[in-house]
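User: Hi! Could you walk me through this model and what surrounds its ligands?

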Amino acid sequence: MGQVAIKQITVSTLQDAYREKEKIAVLTCYDATFATVLEEAGVDILLVGDSLGNVIQGQSSTLPVTLNEMVYHVQCVARGVSNAFILADMSFGTFQVSPQQAFSNAVQLMAAGAQMVKIEGGRHMAATIEFLTQRGIPVCAHIGLAPQSVHQLGGYKIQGKTPDSARQLREDALLLQDAGAAMLVMELIPAILGEEITRSLAIPTIGIGAGAACSGQVLVLHDMLGLTCGRPPRFVRNFMQGADSIQTAVENYVAAVKSGEFPAHEHIF
Ligand SMILES: Nc1nc(=O)c2c([nH]1)NC[C@@H]1CN(c3ccc(C(=O)N[C@@H](CCC(=O)O)C(=O)O)cc3)CN21
Ligand SMILES: CC(C)C(=O)C(=O)O
Ligand SMILES: [Mg+2]
């Protein structure tokens, strides 16, 4: 570990940061080496995302990722950090059947070292989020573009563009907060909607293509290091540009999120 003492990040310190209007910097992370780099660069939350299906496994979607694969990567990340907060995605098929199924699978992620689990979906996941929360597992909800629903949505498209779908997303956010969600990820929605939802909630919001008003921002690590094959999504900025090392690129990301410099107008919708 580095020479500087790194502060322990918990659900309470995240809520404190949020109250004090300090932006929360989140990056995905899938292994121990990067976990150490991210923690030392000051990333608040390491998300073990099911995007590992794309960037680690080379799949064309997140759908094939299994619970055991998520557990393995959470264990890898947990070995690389001392204090950083680990958020783990519940992968496709591990939480939809019932709240009971979601609970026993979330237990495996928590036992592997996660401090919170993330579940894609709107109001239909409220009962599951309530079930987990009441039994000691903090949950982050995830609305807007839900990549696990790509085949239903017909692609990775912006969500909440019509007045009706925007209203539904605003309602979902409130219902999921009421169900006990400790945090909310919003993906690929208009910036104005991201701002309205953030203002309407008491819990922190983490945006990815959801505008600058969110309480924090998240990107896929490989995207912000410029390693994505092909054209990256619009919300991505390559932080290796102007950085002489990965450590510096990640430090620049943290600084840009904290200062509000990222996301800029070219990253939002
Ligand atoms: N490397 C990587 N980065 C991600 O952000 C990511 C993954 N993988 N895998 C899972 C999902 C898929 N995601 C994606 C993938 C593509 C777009 C995309 O191309 N979006 C268009 C917007 C299209 C529109 O305007 O409706 C874009 O230009 O950003 C967005 C999110 C986000 N997640
Ligand atoms: C893009 C983020 C929010 C995610 O869910 C993932 O990396 O899997
Ligand atoms: Mg995910």
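Analyst: Happy to! This is a predicted model, where local features need pLDDT of at least 70 and side-chain atom pairs count only at pLDDT 80 or more, while totals for chains, interfaces and linings use all residues. Residues are numbered from 1 along each chain as its sequence is written, with chains lettered from A and ligands numbered from 1 in the order in which they are written.

User: Which elements give two or more residues to the shell around ligand 1?

Analyst: Ligand 1 has 17 residues around it, the closest being Tyr156, Ile158, Val220, Pro233 and Arg234. Helices (H or I, at least four residues) and strands (E, at least two) are DSSP runs, numbered from the N terminus. The elements are helix H3 (52-55) and helix H10 (221-224).

User: What radius of gyration does the chain have?

Analyst: The C-alpha atoms fill a box of roughly 45 × 40 × 40 Å along the principal axes. The radius is taken over C-alpha atoms, and the globule rule is 2.2 Å times the number of residues to the power 0.38. For 269 residues a compact globule would be near 18 Å, which agrees with the chain's 17 Å.

Note on methods
A residue is near a molecule or strand if its C-beta atom, placed from the backbone, lies within 6 Å of it.
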